[in-house]
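Student: Could we go through this structure together? I would like to begin with its cross-links and then move on to the sheet and the cores.

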Amino acid sequence: MQRLKLFLPLIIFVLLALVFLGVELRVKSGDYSPTAMPSALVDKPLPDFDLPTLNGERAGPGDMPAQAYLVNVWATWCPTCHYEHPFLVELQRRGIPIIGVDYKDSADAAQRWLQEKGDPYVMTLFDADGQFGLDLGVTGAPETYLVDSNGIVRFRFQGALDEKVWLKEFAPRVAALKGGAE
């Protein structure tokens with residue numbers, strides 16, 4: 001019994017190492033994402049809103065595109081948004097409508113950003129106090145939502161959107177929506 005007590009810490013360490021290895025293998029295989037948090041909005045309507053746009057107008061749900069579109073939450077203070085932005089410009093060139101939500105930011109800084117880096121957005125909602133972001137369930141920028149032509153949120157992605165994420169997560173869903181599965 002005394003010898004078992006000597007090996008107990010080693011046995012516990014080995015068991016914990018095996019658990020962590022299992023989680024790591026699931027992360028690498030794409031089966032598990034430790035940062036993914038489910039969205040309460042999936043399969044529900046986009047929250048109601050009445051927000052100013054960066055060009056000074058007001059917009060609400062009735063101003064959204066009549067086809068499937070993306071809602072991209074971003075900010076000039078967000079380092080990952082800087083990485084993501086060129087791909088959003090590319091998506092806009094491919095004909096993907098994107099609504100921007102400038103989240104807890106400065107309107108002047110956001111307007112300069114879009115002038116310098118290109119403007120991929122059909123419109124950019126200005127969410128200065130972050131209330132719309134709270135309604136969306138935003139945990140941090142960037143986040144991107146896929147919304148169908150009826151205004152129903154179909155998917156949420158946390159993190160930077162790039163070609164790899166687009167092909168794996170968004171392209172099949174967008175194709176399904178365009179195919180009439182909305």
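Tutor: A disulfide is taken here as a pair of cysteine sulfur atoms within 2.5 Å. The model is a predicted one, and it holds one disulfide.

Student: Which cysteines does the disulfide join?

Tutor: The disulfide links Cys 78 with Cys 81, at an S to S distance of 2.5 Å. With 85 degrees about the S-S bond, this link is right-handed.

Student: Are Cys 78 and Cys 81 buried or exposed?

Tutor: Both Cys 78 and Cys 81 are buried. Cys 81 is also listed among the buried residues of helix H2, together with Glu 84, His 85, Phe 87, Leu 88, Val 89 and Leu 91.

Student: Staying with H2, where does the helix bend?

Tutor: H2 bends by about 35 degrees at His 85, and a proline, Pro 86, follows within four residues. After H2 comes Gly 95, which has a positive phi, near 90 degrees.

Student: Now the strands. How many residues of S3 are buried?

Tutor: Six of the six residues of S3 are buried, and the strand is mostly covered. Tyr 69, Val 71 and Val 73 point one way from S3, whereas Leu 70, Asn 72 and Trp 74 point the other way. In a regular strand, side chains alternate between the two faces of the sheet.

Student: Which strands pair with S3?

Tutor: Strand S6, residues 143-147, pairs with S3 in the antiparallel sense over five bridges, and Val 147 in S6 is the bridge partner of Tyr 69. S3 is also joined by five bridges to S4, and these two strands run parallel. There, Val 71 stands opposite Ile 99.

Student: What do S3, H2 and S4 make?

Tutor: Together, S3, H2 and S4 make a right-handed β-α-β unit. Another right-handed β-α-β unit is made by S4, H3 and S5.

Student: And how do S4 and S5 run?

Tutor: S4 (residues 98-103) and S5 run parallel and are joined by five bridges. Val 101 stands opposite Leu 125 in S5.

Student: Why is S5 described as largely enclosed?

Tutor: Five of the five residues of S5 (residues 123-127) are buried, so the strand is largely enclosed by the rest of the structure. Met 123, Leu 125 and Asp 127 point one way from S5, while Thr 124 and Phe 126 point the other way.

Student: Let us turn to the cores. Which residues have the most contacts inside the largest nonpolar core?

Tutor: The largest nonpolar core has 27 residues, and those with the most contacts inside it are Leu 70, Leu 91, Leu 161, Trp 166 and Phe 170. The elements giving two or more residues to this core are strand S3 (69-74), helix H2 (79-93), helix H3 (107-117), strand S7 (153-158) and helix H5 (163-181). H5 gives the most, with five residues.

Student: What does Leu 161 contact, leaving aside its neighbours within four places in sequence?

Tutor: With those neighbours left aside, Leu 161 is in contact with Leu 70, Glu 84, Phe 87, Leu 88, Leu 91, Thr 144, Trp 166 and Phe 170.

Student: Where is Phe 155 found, and why does Phe 155 count as buried?

Tutor: Phe 155 is found in strand S7. Phe 155 counts as buried because its relative accessible area is 12%, and the cut-off for buried is under 20%. Leaving aside neighbours within four places in sequence, Phe 155 is in contact with Val 42, Thr 144, Tyr 145, Leu 146, Glu 169, Phe 170 and Arg 173. The C-alpha atoms of Phe 155 and Phe 170, 15 residues apart along the chain, are separated by 8.2 Å.

Student: Last topic, the backbone. Which peptide bond is cis?

Tutor: The peptide bond from Ala 141 to Pro 142 is cis, with omega near -5 degrees. Pro 142 lies in the loop between helix H4 (131-136) and S6.

Student: What about the phi of Asp 43 and of Lys 104?

Tutor: Asp 43 has a positive phi of about 70 degrees although it is not a glycine. Asp 43 sits in the loop between helix H1 (2-29) and strand S1 (51-52), and at 51% relative accessibility Asp 43 counts as exposed. Lys 104, also not a glycine, has a positive phi of about 50 degrees. Lys 104 is placed in the loop between S4 and H3, and at 44% relative accessibility Lys 104 counts as partly exposed.

Terms used. Residues are numbered from 1 along each chain as its sequence is written. This is a predicted model: local features need pLDDT of at least 70, side-chain atom pairs count only at pLDDT 80 or more; totals for chains, interfaces and linings use all residues. Side-chain values use heavy atoms; hydrogens and water are left out. A nonpolar core is a set of buried Ala, Val, Leu, Ile, Met, Phe, Trp, Tyr and Cys residues joined through side-chain atoms within 4.5 Å. Buried means under 20% relative accessible area, exposed over 50%, partly exposed in between (1.4 Å probe, protein chains only). Contact means heavy atoms within 4.5 Å. Two strands pair if DSSP finds at least two bridges between them. A crossover is right-handed if, with the strands pointing away from the viewer, the path from the first strand over the helix to the second runs clockwise. The bend at a residue is the angle between axes fitted to the seven residues ending there and the seven starting there.
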